[in-house]
Amino acid sequence: MIQSFIIAKKELQLLIRDKLTATVLFALPFAMILILGLLLGEGFGQKSDDLMRISVLNLDKGLGLNNKSWAEHAIDDIVSTPNIKVEIIQGKELADELVKTGKRAAVIIFNPDFSERVNECSFLSKGVNPFHRDGIYLEKLQVSIIKDNKQPATSAIIESVCQIALLRIVMPWMIGKAFEKLGDPEFIELLGKEVSLPIPPSLRLLIPKDKIPLGELLELASGKDIDLAKNYREKVGVGIQTALTGQFKNYNLTGKSWASLTRSINNPETVKTLTTFQNEDGTGILKRGAIRYQILVPSFTVMFAFSLILISGWIFVAEKRQGTFNRLLSTPVRTSSILMGKFLPTIIISLLQIFFLLGLGKLLLGLKIGLSTWSLTDWMIALIILPFATSFCVAASSLFIGILSKNETQLALLSSVPVCLFALIGGCIFPWEMMPDNAKTLAFLTPQGWALDAFREIMPSSFDTTTDFQLIWKSSLVLSIMGFILLSITWVTLGKIRFGNS
Amino acid sequence: MTQVHSVILKIDGVTKLHGQFRALNSISLTINRGEIFGLLGPNGAGKSTLLSILAGSSKPCSGIATFDGTQIQPSNQTLRSRIGLVPQDFAFYEDLTAKENLLFFGQLFGLRGTFLTNKVNEILQIIGLDDGKAHQYSKHFSGGMKRRLNLGIALVHSPDVLMLDEPTVGVDPQSRNRIFEAIKTINALGTTVIYTTHYMEEAESLCNRIAILDHGEIIACDTLKNLLALTQTTVKFSIIEDDQSKEEILIRSIPALKPNILPGSYSLTTHTNPTPDIINLLVNEKIQIINLQMDSPNLEKVFLSLTGRHLRD
Ligand SMILES: Nc1ncnc2c1ncn2[C@@H]1O[C@H](COP(=O)(O)OP(=O)(O)OP(=O)(O)O)[C@@H](O)[C@H]1O
Ligand SMILES: [Mg+2]
C-alpha cells in the first residue's frame, strides 16, 4: 500500500510540474461555466412561461372598494389579464435599481395617495377628473412609472397595460358613484329645478301656469309635507335608476367595478400569476444571476470530471509507451499497488476539481449548494460520498481506457465516446429540459447521467425545498459499481500484461 | 561443486515466438557469477528478447531459464530485486530530476531513509551525475547523461545481476568510457554483468565471455581468445631477396608460408598470431625486412566467418 502512495505522489508531482495540464484541469472548466453563463442570460434554466411580466411597486396606503386598497384592485385587474403576470417589487430603491440596470424595462408605482385619489374621482365638478383624450392622467392618480430609456418598446407596452387597468378601475367606480347620485335628494332637487313639465289645460285652473318645475310639482303633490316631499323625491330617484337599469340591462351601472359593471364572468382559464421579485443575481462576488449556474455548474462539474478520462488516460498511455511503465512492472511492487498508484492521483485530482468548481461557483457566482434543512450526514453524503463515487468511476474509466489503448491516437478515439458522447447523452451539454422526452431514460445508460442527476440534487433550484437523498445514494452506488467493474477488468488486464506471455 | 556454484544464470532450450516469428530459437547458455558476459549480435538478432526473458519480464514459449537454480518467471517477484535491467530505450521520468528518479525507483524496491539516500548518492557518483546535474530535470540531459541515468536506476537496488541492453547507443566516446568505468566498478564489487551490444569493439574490450547471437540462435559462445581463434590471422611481409637461400630458410622454418607473385613477398594465415615467430626467425637469420603488415582477427571477422555476413550491414 505504501508503494501505491509512492507512485501516486510521483504522478501528482509530475502533473503539478506540467503547468499547462494543471491549468487546463482547473481553470478551463471554470472559464467555460463563466462564459456560457454570460452567454446564456437570465432565462436559462428557468421554465419559460411565456407570460409578459409587469413589475409593480405598491405603496398605496388608502382603502378603496370592499376594504381593499385601489392599488390591490388594480393589481388584481392586471393579473387577471391573460398572458400577463405581475411581479411585486419590494421598495423604491430596488425598483430604481432594477430599471437603472436594465433588468426591468419599467416599474409601475402606486404611490401612497393612490386610493385616496381614486376615491376622489368623480364626474362631479368638484371631484378629480382623471381623464384626458388618450386615457388617464397618471399624476392625478398618484401613479408613476419609472422607465428604462433603453427599452422604449417594452416600457410603452407596460404603460398601456397600466392605462387600461386604471381605466377599468376608475371608470366603473365613477359611473357607479354617479349612478348612485341619481337617487341623491340633492340631485333630485337639482333635477326638480331644471326639468319643467307643461301643465295640461284641464289643470290650469289649479295651477295657473303653462309649465311647472318638477320640484315644485313634487312639493305640490306632497301638500307641503316636508317628509312626504322627501319621500317623493326619493321615489323619483329610484324610479330614474330603475328605468335606467331597465334601459341598460347588460350593465350594472352601480357595480363600481369593471366586472360587475360589465356583468362579465371571469374567464376561469386565466391563470393568475402574482409573484414577488426574486433576486436571481445570486449572492456571489460577480452577481451573475445564480439560477443558470444551478444548472451549469453541476453539468460542467460532471462533464469535466469525466473528461479527466482523456487526460489521465493519456498520461497512462504515454507512460506505457515510454518504457518507464515496463520498468515499473519490473520492480517487486504488486500489480494492485501499481494500479492503485495510478488510480489514486486521478481520484484526488477529480475531487479537487469538483471542489474547486463548487467552491468557486459558490464564492463568485453565488451558487446555492444544499438546503438549510440539511443535517451533517446530509452534507457528508452530498460533499463526500457523491464526489468520491464520481471520482472513483472517473479514475476507473481512465485506467480502463488507458489499458485498452495501445497509443495516444487509440486513446483519443476510444475516450471520445465516454468524454463527448456520454456527456451529451448524459445531459451535461444540453440540460434534459431542452432534450426530447425520453432523453433522460437514455441518460441513465451513462455514468454522467447518474452523476449529473445527483449533483443537480445537491445544487437545488430556488423552487426545490427538499432533497432526494435516496437518489444521491442510488447514483453514488451505480457510479461505484461501474467504477468497480472497470477497475477489475483493468486489474486483470494489467496482470496479464505483466505475467502473461507478452 | 565449485563449478556448479559459479553458474548464476542458466537457460536451456529457450524459444520465443512473436506470433509466427521465431525471435529466439532453442537457446542454451550459462552465465557465471562475477563475469562480464557479452551478448553480441546485429539488429534484430534477438538480444533484447533474450534479456527480457532473463530479467523475468517475459515468458519463454518453451525451454527454461533459471537464476541460482530458481526458475525465472514474471510471477516470481522475489527474483526482481536481484536483477537490474537497463532497457534499450530510456526509461525514467523526464520531469523528475536524476536524484528523484533514483529515489523513486529505490523506494519501489523497498529502500528507505538514509540507506536509500546514501545508496542514491553512491550511484550518482558512479554514473558521474553527482554534481549539480543530480538536481536537474532529466529532460534537459544530454544523450550521454540520459544513458548514464538509465543505467543508474538499474543499480539502485544493488542487483546480483546487471543486464544492459545496448547502453552506449548514441553516446560520444567520453560518455562511453564513463559508462564502461561504471560497469567495471560495479563488476569489481561482485555484480555479474550481461552486456548486450552490436559493437564488437565493446564486447572485445569489456567482456570475459561472449555469445554471438544471430537470427535468434547462438552461433558461438566462448572467451574472447577462443572466439578470435575461430578466425585466422594473415601476416604479409616483404624481405630484401638478394639470394635464393633466404627463401629456402623461410619455407623450411615455416612450411605454411606462401610466396606471393612479387619476388620477396610472402603471406601467412594461421589461427594464432604468427607475427612474433616470423620476426624472431627474420632476426635470427639476419634477413632484412622491408615491411610487415598484419590483418589481425576480430569478432567482426569471426562473425563474418561464421555467418558469411558482416555484423553491420
Ligand atoms: N513484440 C514483438 N512482436 C513481433 N516481433 C517482435 C516483437 N519484439 C521483437 N520482435 C522481433 O523479434 C526480433 C528480435 O527482436 P529484438 O528486439 O530482440 O532484437 P535485438 O537483437 O534487440 O535488436 P536491436 O539490436 O535492434 O535492439 C526482431 O526481428 C523483432 O522484429
Ligand atoms: Mg534490442
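## Surroundings of ligand 1

A residue is counted as near a molecule if one of its heavy atoms lies within 4 Å of it. The model described here is predicted. In it, 13 residues surround ligand 1, and the closest are B:G44, B:K47, B:S48, B:T49 and B:E166. By class, the shell around ligand 1 consists of four nonpolar, seven polar and two charged residues.

A backbone N or O atom of B:G44 is 2.8 Å from an oxygen atom of the ligand. For B:K47, a backbone N or O atom likewise lies 2.8 Å from a ligand 1 oxygen, and for B:G46 the distance from such a backbone atom to an oxygen atom of ligand 1 is 2.9 Å. On its own, ligand 1 has 630 Å² of accessible area, of which the protein covers 61%.

Two elements of chain B, β2 (21-32) and α2 (47-54), are those that give two or more residues to the shell around ligand 1. The most comes from α2(B), which contributes three residues.

Over all chains, a search of the whole structure finds zero disulfides. A:C121 is in no disulfide, and the cysteine sulfur nearest to its own, that of A:C162, is 13 Å away.

A:C121 counts as buried because its relative accessibility is 0%, and A:C162 counts as buried at 1%.

Terms used:
Residues are numbered from 1 along each chain as its sequence is written. Chains are lettered from A and ligands numbered from 1 in the order in which they are written. This is a predicted model: local features need pLDDT of at least 70, side-chain atom pairs count only at pLDDT 80 or more; totals for chains, interfaces and linings use all residues. Side-chain values use heavy atoms; hydrogens and water are left out. A disulfide is a pair of cysteine sulfur atoms within 2.5 Å. Buried means under 20% relative accessible area, exposed over 50%, partly exposed in between (1.4 Å probe, protein chains only). A polar contact is a pair of N or O atoms within 3.5 Å; within protein, one must be able to donate a hydrogen and the other to accept it, and residues adjacent in sequence count only if both atoms are side-chain atoms. Accessible areas come from the Shrake-Rupley method with a 1.4 Å probe; for residues, only the protein chains shown count as cover. Helices (H or I, at least four residues) and strands (E, at least two) are DSSP runs, numbered from the N terminus. Ala, Val, Leu, Ile, Met, Phe, Trp, Tyr, Cys and Pro count as nonpolar, Asp, Glu, Lys and Arg as charged, and the others, Gly among them, as polar.
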